[in-house]
Every structure is written in structure tokens, then in C-alpha cells.
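Hi everyone, thanks for coming. Let me put the sequence and the model up on the screen, and then we can walk through it together.

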Amino acid sequence: PDAEVAEARLREASHLAAAYGREVAALGTSLSEAVERFLWFRSPFVAELGTLSRKRGLDTREATALVADAEAVTDRLLVAMMTGHTIETGVRREGK
């Protein structure tokens, strides 16, 4: 996809990650537990990129760029999830 489409998809994914953060906070999940769960799901995804790189015969530079880009995206999603969690936690505190 072109850069504009990729950015639009990333924005949408960030909104979903923030919604997930709000949802798990509303259920009483701590921020550290939410981060732990996010990282648990991220690990197999990054591992699969390594497998995909080998299957497609990517050279070291290409494979490294693929993993680095994916990690940058998942880092952005992690921050969005954490922000959603923090906002929801603040809203619940103010509502008490």
C-alpha cells in the first residue's frame, strides 16, 4: 500500500488499541497486566516476520528493515493502548 493508505490503517489500528486499553481498564486490569498481554501477543507476530523473511528470501538488510518497521508500529500501538488505559483509569477515578 502507498504511504497514505498505510498511515490511515495505522491510525485505525491505534484507535482500536486505545479502545482495547479503555476496555481492559474498565474491567479492572492494571496497566502492567495490559502491557504484559499486549507483549504476549506481539512476540509471535514478530517471530512470524522472521519466518516470512526466510521464506521470501529477504537479505539481512531487508529482513532487518521489515522487523524494525513492525516493531515501530507495534510500539505505537502499545503507546495507544497504554494511553487508552490511562484515560479510562482517570475517568473512573474522577467519577468516584
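**A walk through the model**

Among contacts between residues at least 6 apart in sequence, 82% join residues at least 24 apart, where contact means heavy atoms within 4.5 Å. Before going on, please keep in mind that this is a predicted model, in which local features need pLDDT of at least 70, side-chain atom pairs count only at pLDDT 80 or more, and totals for chains, interfaces and linings use all residues. Residues are numbered from 1 along each chain as its sequence is written, and side-chain values use heavy atoms, with hydrogens and water left out.

Now the overall layout. The protein has three helices and zero strands, and from the N terminus the order is α-α-α; helices (H or I, at least four residues) and strands (E, at least two) are DSSP runs, numbered from the N terminus. The radius of gyration is 16 Å, well over the 12 Å that the globule rule gives for 96 residues, so the protein is more spread out than a compact globule. That radius is taken over C-alpha atoms, and the rule is 2.2 Å times the number of residues to the power 0.38. Along the principal axes, the C-alpha atoms fill a box of roughly 55 × 30 × 15 Å.

How much of the protein is buried? Of the 96 residues, 27% are, with buried meaning under 20% relative accessible area, exposed over 50%, and partly exposed in between (1.4 Å probe, protein chains only).

Let's look inside. The largest nonpolar core has ten residues: Leu10, Ala17, Val24, Ala34, Val35, Phe38, Leu77, Leu78, Ala80 and Met81. Which elements give two or more residues to this core? They are α1 (3–26), α2 and α3, and α3 gives the most, with four residues. By a nonpolar core I mean a set of buried Ala, Val, Leu, Ile, Met, Phe, Trp, Tyr and Cys residues joined through side-chain atoms within 4.5 Å. Take Val35: leaving aside neighbours within four places in sequence, Val35 is in contact with Leu78, Met81 and Met82.

Over in helix α1 we have Ala18, which is buried at a relative accessible area of 15%. With neighbours within four places again set aside, Ala18 is in contact with Ala80, Met81 and Gly84.

Next, α2. Its 26 residues should span 38 Å at 1.5 Å a residue, and its end C-alpha atoms are 37 Å apart, which agrees; the expected span is 1.5 Å times one less than the number of residues. Ser53 sits in this helix and counts as buried, at 3% relative accessibility. Not counting residues up to four places away in sequence, Ser53 touches Leu58, Ala63 and Leu66.

After α2 comes Gly57, whose phi is positive, near 70°. Then we reach Asp59, in the loop between α2 (31–56) and α3 (60–95). Asp59 is partly exposed, with a relative accessible area of 36%. Where does the side chain of Asp59 reach? It comes to 3.1 Å from the backbone nitrogen of Arg61, and one of its polar atoms lies 2.8 Å from the backbone nitrogen of Glu62.

One last stop, for the aromatics. A search of the whole structure finds one aromatic pair. The rings of Trp40 and Phe41 have their centres 4.9 Å apart and their planes at 85°, so this pair is edge-to-face. Rings of Phe, Tyr and Trp (its six-membered ring) pair if their centres lie within 6.5 Å; planes under 30 degrees apart count as stacked, over 60 as edge-to-face and the rest as tilted. Both Trp40 and Phe41 are exposed.

How values were computed:
Polar contact = N/O pair within 3.5 Å; in protein donor to acceptor, adjacent residues only side chain to side chain.
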